[in-house]
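Please work through the exercises below with the sequence and the model open beside you, trying each task before reading its solution.

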There are 2 protein chains.
Amino acid sequence: MGAMTEKADAVPSAARRSRKVPKTADTLDIDFDIFGTLLSFYVRTVNILVSQDLDARMERLLLAGGTGKIATLLLVGANPGIRPSVLAHVIRKDRSAMGKLLDAMGGAELVEQRVSPAERRARELYLLPKGEALRARVRDVALTQDRDFFSVLDGGERAQLLGLLRKVYGRHLDGVPDAG
Amino acid sequence: MGAMTEKADAVPSAARRSRKVPKTADTLDIDFDIFGTLLSFYVRTVNILVSQDLDARMERLLLAGGTGKIATLLLVGANPGIRPSVLAHVIRKDRSAMGKLLDAMGGAELVEQRVSPAERRARELYLLPKGEALRARVRDVALTQDRDFFSVLDGGERAQLLGLLRKVYGRHLDGVPDAG
DNA sequence: GCACGATGATGGTAGGTGTCCACTATCTTC
DNA sequence: GAAGATAGTGGACACCTACCATCATCGTGC
């Protein structure tokens with residue numbers, strides 16, 4: 001394909017590979033109106049794009065879906081004993097949905113729940129050996145995907161974007177440390 | 001509540017209002033591991049937060065859900081005659097899902113589809129009077145919500161975030177103009 | 001002029017996700 | 001000891017995404 005809308009890049013994302021560009025209409029003269037200024041539109045659409053790309057790369061590791069599975073592996077791995085309610089809070093997931101995901105991951109022998117000796121209502125979460133093994137691989141893929149997907153940004157821009165998103169996240173989520 | 005995790009802000013977001021902070025566990029000493037450096041995690045979580053806030057503000061205007069409803073109103077309004085396939089592409093939505101949303105919006109007398117005289121396979125989209133009226137109100141709410149939600153950022157930071165997200169968006173979506 | 005491949009839209013389906021609520025066990029406060 | 005709050009569980013429901021098959025239409029090549 002000529003120089004038209006093709007974009008040179010080394011790593012095709014999942015969105016790029018799927019045939020999405022309409023062929024018999026010009027998509028280059030769209031008037032975005034205020035959309036061009038809405039952060040929420042861009043956050044949403046970039047999220048869709050990065051999620052599809054990440055899911056495509058993870059699908060052989062994680063097999064089935066499970067929004068929050070990656071986050072759970074990584075955060076439980078880094079915080080053995082973390083509670084479902086804390087995990088749900090940090091990743092902004094409904095508590096009962098969190099419980100269901102943990103049940104599924106327990107069934108897959110990735111995570112186990114133990115009653116907290118400090119408080120018998122609460123559970124502590126720990127990775128099982130299969131979970132530890134998967135965590136290592138998920139970590140590698142996640143880091144690589146993040147680097148590749150956002151490679152259009154140079155190092156300084158990447159740090160800027162991270163800082164700004166963290167600032168927004170920190171502002172809207174109570175009781176969460178400044179991550180990093 | 002003391003100075004603990006309460007954050008001073010003028011406009012409580014939907015996420016802030018819902019009781020999400022675990023009460024009997026410390027959430028401030030979480031080790032984010034690599035998550036603290038993953039743009040994808042922040043993009044995803046900020047998206048959840050901003051979507052919930054936006055949905056809360058829009059719910060009386062839009063009544064039922066409809067991911068893409070806001071985008072459709074604004075983009076069809078700004079581009080009368082736009083095609084479903086183009087719209088789907090720009091907002092990264094499955095074409096058949098786009099069609100279903102348009103059917104629902106047609107049923108609500110917000111949007112109409114006309115066979116394109118240029119190509120009878122294609123449809124052109126136009127807002128109906130109810131859609132135009134709703135568009136005006138949705139626009140106001142969207143602009144206000146965006147300003148309030150991202151108010152932790154100053155003007156320069158906001159412009160930075162917008163520029164960086166646009167750059168990522170433009171890189172991963174073929175055939176889309178630099179919005180703005 | 002016709003066959004074939006491509007395109008735009010439509011309809012159907014399956015699976016996954018998010019949200020909310022009721023309930024139980026447990027803990028704290030009065 | 002009662003009452004209210006908390007952590008977790010289970011169920012229900014609505015919504016969303018993704019994919020595929022199908023049809024009408026269009027463009028291209030022979």
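The exercises that follow concern a predicted model, and each task is followed by a stepwise solution.

**Exercise 1. Find out where confidence in chain A is lowest and where it is highest.**

Step 1. Begin with the chain as a whole: the mean pLDDT of chain A is 85, and 85% of its residues reach 70 or more.

Step 2. Then go through the elements: helix H1 (residues 14–17) of chain A has the lowest confidence, with a mean of 51, whereas helix H7 (residues 155–172) of chain A has the highest, at 95.

Step 3. Look also at residues 1–12 of chain A, where the pLDDT is below 50, although this stretch has 15 contacts in the model beyond near neighbours in sequence.

**Exercise 2. Determine how chain A and chain B are related, and describe how they meet.**

Step 1. Superpose the copies: a rotation of 180° with 0.0 Å of shift along its axis brings chain A onto chain B, with an RMSD of 0.0 Å. The two copies are therefore related as by a two-fold rotation axis.

Step 2. Consider the contacts, in which 90 residues of chain A meet 90 residues of chain B. Because 100% of the interface residues of chain A are also interface residues in chain B, the copies meet through the same surface.

Step 3. Turn to area: about 9,300 Å² is buried between chain A and chain B, and carbon and sulfur atoms give 64% of this. On the chain A side, A:Leu39, A:Arg92 and A:Arg171 lose the most area to chain B, together 9% of what that side buries.

**Exercise 3. Describe the protein surface near DNA strand D and its polar contacts.**

Step 1. Of the 26 residues around DNA strand D, those that come nearest are A:Lys100, A:Arg123, B:Thr24, B:Thr67 and B:Ser96. Of the DNA strand D atoms within 4 Å of the protein, 66% belong to sugar and phosphate.

Step 2. Sort the surface by class, which gives 14 charged, nine polar and three nonpolar residues.

Step 3. Separate phosphate from base: a polar side-chain atom of A:Gln52 lies 2.9 Å from a phosphate oxygen of DNA strand D, and a side-chain N or O atom of A:Arg95 is 3.0 Å from a phosphate oxygen, whereas a polar side-chain atom of B:Arg121 lies 3.3 Å from a base oxygen.

Notes: Residues are numbered from 1 along each chain as its sequence is written. Chains are lettered from A and ligands numbered from 1 in the order in which they are written. This is a predicted model: local features need pLDDT of at least 70, side-chain atom pairs count only at pLDDT 80 or more; totals for chains, interfaces and linings use all residues. Side-chain values use heavy atoms; hydrogens and water are left out. Copies are superposed by least squares on the C-alpha atoms of residues with pLDDT of at least 70 in both. Contact means heavy atoms within 4.5 Å. pLDDT is the predictor's confidence in each residue, from 0 to 100. Helices (H or I, at least four residues) and strands (E, at least two) are DSSP runs, numbered from the N terminus. A residue is near a molecule or strand if one of its heavy atoms lies within 4 Å of it. A polar contact is a pair of N or O atoms within 3.5 Å; within protein, one must be able to donate a hydrogen and the other to accept it, and residues adjacent in sequence count only if both atoms are side-chain atoms. Ala, Val, Leu, Ile, Met, Phe, Trp, Tyr, Cys and Pro count as nonpolar, Asp, Glu, Lys and Arg as charged, and the others, Gly among them, as polar. Buried area is the accessible area (1.4 Å probe) that two parts lose on being put together, summed over both.
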